[in-house]
Amino acid sequence: MSPFLGNLSFLRSLYLQENRFQGKIPLEIGCLFRLQHLNISTNSLLEGEIPANLPNSLSVIDLSDNDLVGKIPASFGSLSKLTYLDLFANKLNGGIPPSVGNLSLLQRSDLGRNSLTGSIPHSIGRIPNLQQFGVGDNKLSGIVPASLYNISTLTELIIGYNQLTGNLPQDIGLTLHNLQFINVGENQLWGPIPASFSNASRMEYLDLSGNNLSGGVPFDLGRKMKNLYFLNLGENNLGSGDASDLRFINSLTNCSKLKSLALYGNGFGGILPTTIANPSSFLNELAAGRNQLVGSIPAGIFNFINLEVIGLEDNLFSGVIPFEIGKLRNLQILTFHTNKLSGPIPESIGNLTQIFELDLDDNNLNGTIPSKYGIGGRTSTEGDIYSYGILLLEMLTGKRPTDELFTSRQSLHEFCKVALPERVMDIIDPRMLLEETTEGENDSQKERVRQDKIRECSVSLVRIGIACSAESPSERMNIKDVIIGLMTIKEVFLGVGIHGRRQMRMQPTDEGTSRE
């Protein structure tokens, strides 16, 4: 970015997002005393620290999705006109400056996906009109300040994936009555789920997973949540193994837009209520594995024709697998392992043409494998391409489609798709790179070329995996294009040699490419 931008003294808006600018943000931007909007987001090569002298005239700062380092300038607290601050997805460290609490006009602040440490400043609770506050996926610790839960204007609160402690205030559903989206998952919160959540009538997304929450779930949790589409209570200490543990399921019949229901990894007991079949025709994920559930699997859940994932593993279910399972034509993952199911595998399971993971082990099943499933069954080229795409993404990321990250949040396909192209190297399994010290490491230019080629190949492979695993069969790559794409990647890959030493050893030969 040119330092001569600082000469544009009448500039009021600077929009440079979604480009390939590199280097540092010029300090000369601080001379633009009329600048109100600054957006330099999504420039993956933009690095360095955030200038501390940004003009006080700014009302919008968006520096998200870059490679910025260093600390958030304490001088931000003097930007009295600031309403929007987005520093999401950088490499910032240090603490959140308490001076941010001075920004009385601030409405949205997203500092997530960085490496911020320390605690959430109590001063944040002084921001009177704050609507969206996000610090998820950092390294924050300490007790969540009570003042944060008293900002009645909040509609989104994202503090998940940190090491925060404390409990959820019992009146949170009353004080944060405008709340639509809350993610406090993957922290160290303890205590019960507040009963006042049942008053959060605007709630759409509720993620309390991965904490140390205990006790029962409020029986009327979903009573007023007519717009709720995501509920994750997984990986806590909820339930007591009692027959009444899942009584709250009855209240979810009011949640007609529910798409994802995750209860896995708790101590819920009793049977799955028949009302589990009533919440929403949109339900596409039901994850209740690793509990103490008993009884038979309700046949009614197989009326959810949009279901893509069913996880009831590691429970005490008995009886047979309902024949109605064949209705779920969109089902991709089915895990019933480690239960007490008996009887044959129903023939109707052969109708599940989209499925790529079927796990029924450690039960008491008998009989034969249905002829429609597996060898001799109806095969689908599109289904094979889908399976290959998922397998390729598994290999590249080192993650399985059933990992907890995907069970309750997003699919492996979506996880990889949102990383394209700038953040692909962040999701690649380091074991895939197998980096070695190269003889040419003193030649920075050659090393940079080598790294660029590795990145290019990785991006191309992820693109193929995503194209093969598209939801609609008609949108998936055909096998011919897959082969052509892989051959092209191979030529590029062998041309640079992922192991610099092997590359250099092969250079004197006439073959032009290295061999494994």
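Glu235 and Arg290 form a salt bridge in this predicted model, with their closest N and O atoms 2.7 Å apart. Glu235 sits in the loop between strand E18 (230-232) and E19, while Arg290 is in the loop between strand E22 (285-287) and E23, so the pair ties together parts that are 55 residues apart in sequence. Glu235 is partly exposed, at 28% relative accessible area, and Arg290 is partly exposed too, at 29%.

**Salt bridges**

- How many salt bridges turn up in a search of the whole structure? The count is nine.
- As background, side chains of opposite charge can pair when their charged atoms come close.
- Lys91 and Asp67 meet through their side chains in a salt bridge, at 3.2 Å from N to O. Lys91 belongs to strand E8 (residues 91-92) and Asp67 to the loop between strand E5 (60-62) and strand E6 (69-70), so this pair ties together parts that are 24 residues apart in sequence.
- On accessibility, Lys91 comes out at 48%, which is partly exposed. Asp67 has 23% and also counts as partly exposed.
- Arg400 and Glu357 make another salt bridge, with an N to O distance of 3.3 Å. Here too the pair links distant parts of the chain, 43 residues apart: Arg400 is in the loop between helix H2 (381-397) and helix H3 (404-407), and Glu357 is in strand E28 (residues 357-359).
- Is Glu357 buried or exposed? Glu357 counts as buried because its relative accessibility is 12%, and buried means under 20%.
- Asp86, Arg108 and Asp110 are tied into a network of salt bridges.

**Strand pairing**

- Strand E15 (residues 190-191) runs parallel to strand E17 (residues 212-215), and two bridges join them. Gly191 has Leu213 in E17 as its bridge partner.
- E17 also pairs with strand E19 (residues 237-238), again in the parallel sense and over two bridges. In this pairing, Ser214 has Asn237 of E19 as its bridge partner.
- Further along, five strands make up an open sheet with parallel pairing, in the order E21-E23-E25-E27-E29. Strand E21 (269-271) and strand E29 (364-365) stand at the edges with a single partner strand each, so one side of each has no neighbour in the sheet.
- Three bridges hold the parallel pairing of E21 with strand E23 (residues 292-295). Gly269 is placed opposite Gln292 of E23.

**Nonpolar cores**

- For context, nonpolar side chains tend to be buried together in soluble globular proteins.
- The largest nonpolar core has 100 residues. Which of them touch the most other members? Those are Ile29, Phe197, Leu206, Leu261 and Phe336.
- Setting aside neighbours within four places in sequence, Phe197 is in contact with Leu168, Ile172, Gly173, Ile182, Met203, Leu206, Leu208, Leu221 and Met225.
- There is also a second, separate core of 26 residues, and its members include Leu392, Cys416, Leu420 and Val462.

Terms used: Residues numbered from 1 in each chain as written. Predicted model: local features only at pLDDT ≥ 70, side-chain atom pairs only at ≥ 80, totals over all residues. Heavy atoms only, no water. Pairing = 2+ DSSP bridges. Helix = DSSP H or I, 4+ residues; strand = E, 2+ residues; numbered from the N terminus. Core = buried A, V, L, I, M, F, W, Y, C linked by side-chain atoms within 4.5 Å. Buried < 20%, exposed > 50% of the residue type's maximum accessible area, 1.4 Å probe, protein only. Contact = heavy atoms within 4.5 Å. Salt bridge = Lys/Arg side-chain N within 4 Å of Asp/Glu carboxyl O.
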